[in-house]
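Subject: Structure handover

Hello,

Here is the structure we discussed. Please open it alongside the notes below.

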Amino acid sequence: MDRLDNTIRPYAWGSTTAIPRLLGAEPSGEPQAEMWMGAHPGAPSRTARGTLVEVVEAAPERELGEKAVAKFGPRLPFLLKILAAGAPLSLQVHPNLEQAKEGYADEERRGIPVDAPNRNYKDANHKPELICALTEFDGLCGFRDPLEAAELLAGLGVDSLKPYVDLLHAHPEEAALREVLTAILTADPEEMRHTVTAAATACTRLGGDYAPYADIAHHYPGDPGVIAAMLLNYVRLQPGEALFLGAGIPHAYLNGLGVEIMANSDNVLRCGLTPKHVDVPELLRIVNFEASDPGVLRPEASPDGEEVYETPIDEFRLSRYVLPAGTGVHDLTLDTPQILLCTAGAVTAGEFELTPGQSVFVPAGDKAEVSGVGTAFRATVIV
């Protein structure tokens, strides 16, 4: 078992206070957006044996287990994060595995540098993800029913939105959503800026259900993603609730602190709320235009106290243990790799005492026992 020393990423949308508060540290005044736990080459966790990338590469079957290596290859298949949104993230979507492989191969053939600003696919992997709220957590996830979206837009009383309202009443529904998103993202930029400004003013005046979009517009004035965001389901998670974001589902995190886990990939296609590249044709190829309920997940408890967030993904499995006083020791030993993260109280993991924000890596097959009074999240894989 290795204690992890993890990198905090200072993305501009990050909260200046949430991660320091979790860690019991003084805020620096700079945004602290994500703490990465894993073997992603961009910011691998550090151990006494070297970076987690180096540890895994030195002996993949020893660290990950034979079954995990046979199924996923000689790499840790997931990346665990603490995510602290102080402002909305970009509106985005992730490809499925086949789309990622095709897109990556195509951009490689065309010789687009992997660090080019117009590059969509940094790797050939998909990026399903799960976010579990530690505080109240606001987000957007999946398309609303088109008629609901039409009603929301119509309620703003902005004349230039009427064509989108009319399109949303068309059938079939998936074609209507595709046409509207396409129209929003390909509209004349100056005309769209005027539309967004008028919509933002109306959202501020109306409040209520419109308040989240007023806040989005405050952070991204004139961005067409403000209108696109109104096509999506708004969700407020309570602590312990989660969202699973599969391939093709447009989404954005707006505000709050959570534990996030994802397949180890950087593939993101953006729809708006960003100064970065938006590849509209490729985006439209990837997006799933089916209206859907966001599907808030609540953990399913097992007799041994493990609470599991069930998803259809094998690259990661997230669960938690809420440890009240007097519960004794839990044996978490598995034949797959694990990362254990404390988010509340004080948890003993093997020889290590963990306080909120601290974590350990457990190689496959190594003895893993936890005890204490607090909350521990467990990340592993399914083989």
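Two rings of Phe, Tyr or Trp (its six-membered ring) count as a pair if their centres lie within 6.5 Å. Planes under 30 degrees apart make the pair stacked, and planes over 60 make it edge-to-face. Bear in mind that this is a predicted model.

**Aromatic contacts**

Across the whole structure, the search turns up three aromatic pairs. One of them joins Phe-137 and Tyr-253.

Phe-143 and Phe-289 form another pair, with ring centres 5.5 Å apart. Their planes lie at 20°, so this pair is stacked. Phe-143 is in strand 9, while Phe-289 sits in the loop between helix 12 (280–286) and strand 14 (300–301). The pair therefore ties together parts that are 146 residues apart in sequence. How accessible are the two residues? Phe-143 has a relative accessible area of 2%, which makes it buried. Phe-289 is at 4% and also counts as buried.

Arg-9 lies over the face of Trp-36, 4.6 Å from the ring centre.

**Strand 12**

Of its 13 residues, 12 are buried, so the strand is largely enclosed by the rest of the structure.

Which way does strand 6 run against strand 12? The two are antiparallel, joined by eight bridges. Ala-84 has Leu-257 in strand 12 as its bridge partner.

Strand 8 (residues 129–133) also pairs with strand 12 in the antiparallel sense, over five bridges. Here Cys-132 is partnered by Val-259 of strand 12.

Strand 9 is antiparallel to strand 12 too, with four bridges between them. Leu-140 finds its bridge partner, Ala-252, in strand 12.

**Salt bridges**

How many salt bridges does a search of the whole structure find? The count is 23. Here are some of them.

Lys-81 bridges to Glu-34, with the closest N and O atoms 3.1 Å apart. Lys-81 is in strand 6 (residues 78–85) and Glu-34 in strand 3 (residues 34–38), 47 residues apart. Lys-81 and Glu-34 are both buried.

Asp-106 and Arg-109 meet in a salt bridge at 3.7 Å, N to O. Both lie in helix 5 (residues 97–109). They are three residues apart, about one turn of the helix. An α-helix has 3.6 residues a turn, so residues three or four places apart point the same way. Asp-106 is partly exposed, at 29% relative accessibility. Arg-109 is exposed, with a relative accessible area of 64%.

Asp-331 forms a salt bridge with Lys-367, and their closest N and O atoms are 3.2 Å apart. This one links distant parts of the chain. Asp-331 is in strand 17 (residues 330–331). Lys-367 is in the loop between strand 20 (359–362) and strand 21 (369–380), 36 residues away. Are these residues buried or exposed? The cut-off for exposed is over 50% relative accessible area. Asp-331, at 45%, therefore counts as partly exposed. Lys-367, at 52%, counts as exposed.

Salt bridges with shared partners join Asp-2, Arg-49 and Glu-63.

**Helix 9**

Helix 9 (residues 189–206) has 18 residues. From first C-alpha to last it reaches 25 Å, close to the 26 Å expected at 1.5 Å a residue.

Which residues of helix 9 are buried? They are Met-192, Thr-195, Val-196, Ala-199, Ala-200, Ala-202 and Cys-203. Viewed down the helix axis, these buried residues fall within an arc of 165°, so they line one face of helix 9. The face turned away from that buried side carries the exposed residues His-194, Thr-204 and Arg-205.

Best wishes

Definitions and conventions
Residues are numbered from 1 along each chain as its sequence is written. This is a predicted model: local features need pLDDT of at least 70, side-chain atom pairs count only at pLDDT 80 or more; totals for chains, interfaces and linings use all residues. Side-chain values use heavy atoms; hydrogens and water are left out. Buried means under 20% relative accessible area, exposed over 50%, partly exposed in between (1.4 Å probe, protein chains only). A charge sits over a ring if NZ of Lys or CZ of Arg is within 6 Å of the ring centre and within 35 degrees of the ring normal. A salt bridge is a side-chain nitrogen of Lys or Arg within 4 Å of a carboxyl oxygen of Asp or Glu. Two strands pair if DSSP finds at least two bridges between them. The expected span of a helix is 1.5 Å times one less than its number of residues. The arc is that of the directions from the helix axis to the C-beta atoms.
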